[in-house]
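Here's a quick tour of a few spots worth a look.

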Amino acid sequence: MQEKPRILVVEEREERGLHLEGVLASDHEVVWKKDVVEGAAHLAENDFDLCLLCSTAEEALDFLQIVLYVGSDSPVLMLLPGEDPALVEKCLGIGAIDVLDQGADAAALGRAIRYAIVRHSAVWRQELSLMRDKLTGLPNFPAFRRWLSDALEDASKVRNYEVGVMHLGLDAFSVVNSGLGHSAG
């Protein structure tokens, strides 16, 4: 039997939080947090298949940035009041996997959750394959550049945050490169 997808619901309004928990509980393992800071901390410490963020239009972008800042790999599905195309575009631009109206029915919400999880899984697998050496499965040079870039970006945001890099050379490895070619090396 397949495990139920784990969903973190962040919704400060108790009535709405209980409603979402009830709607999702039959097909998902649901954890509900009322506070965005508490939700972000929980997201940083635990693995979830999806984070469902409910927000007012005024707080949506700040709300999303806080959750994304914790560095979680969980996709973020936003539930916003009304349909403001500019706000939707901003949320998607910051990193939300999808945006849905808070008035969406249970079927639409369930469908959006399934699609978000599948989309994220496919993108994650594709990114993983591009960031790994096909022969060894170890991280490759593009992965190193990405991780270094992320570390330097984090260091610029946090005081007293340091980044170290170590370079190792292998004796006579140039023989492999010259004999078999750079791609084999």
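## Ala143 in helix H6

Let's start with Ala143, which sits in helix H6. Keep in mind that this is a predicted model. Ala143 has a relative accessibility of 0%, so with the buried cut-off at under 20%, this residue counts as buried.

Now look at Arg132. Along the sequence, Ala143 and Arg132 are 11 residues apart, and their C-alpha atoms are 7.4 Å apart in space.

You'll find Val158 in the loop that links H6 to helix H7 (173-180). Its relative accessible area is 35%, so Val158 is partly exposed, as that label runs between 20% and 50%.

## Lys33 in strand S2

Over in strand S2 (residues 29-33) you'll come across Lys33. Is this lysine, Lys33, buried or exposed? Lys33 counts as buried, because its relative accessibility is 17% and the cut-off is under 20%.

What does the Lys33 side chain pair up with? Its partner is the side chain of Glu38, through a polar contact of 3.5 Å. Leaving aside residues up to four places away in sequence, Lys33 touches Leu8, Val9, Val10 and Glu11, along with Glu38, Gly39 and His42.

Conventions. Residues numbered from 1 in each chain as written. Predicted model: local features only at pLDDT ≥ 70, side-chain atom pairs only at ≥ 80, totals over all residues. Heavy atoms only, no water. Helix = DSSP H or I, 4+ residues; strand = E, 2+ residues; numbered from the N terminus. Buried < 20%, exposed > 50% of the residue type's maximum accessible area, 1.4 Å probe, protein only. Polar contact = N/O pair within 3.5 Å; in protein donor to acceptor, adjacent residues only side chain to side chain. Contact = heavy atoms within 4.5 Å.
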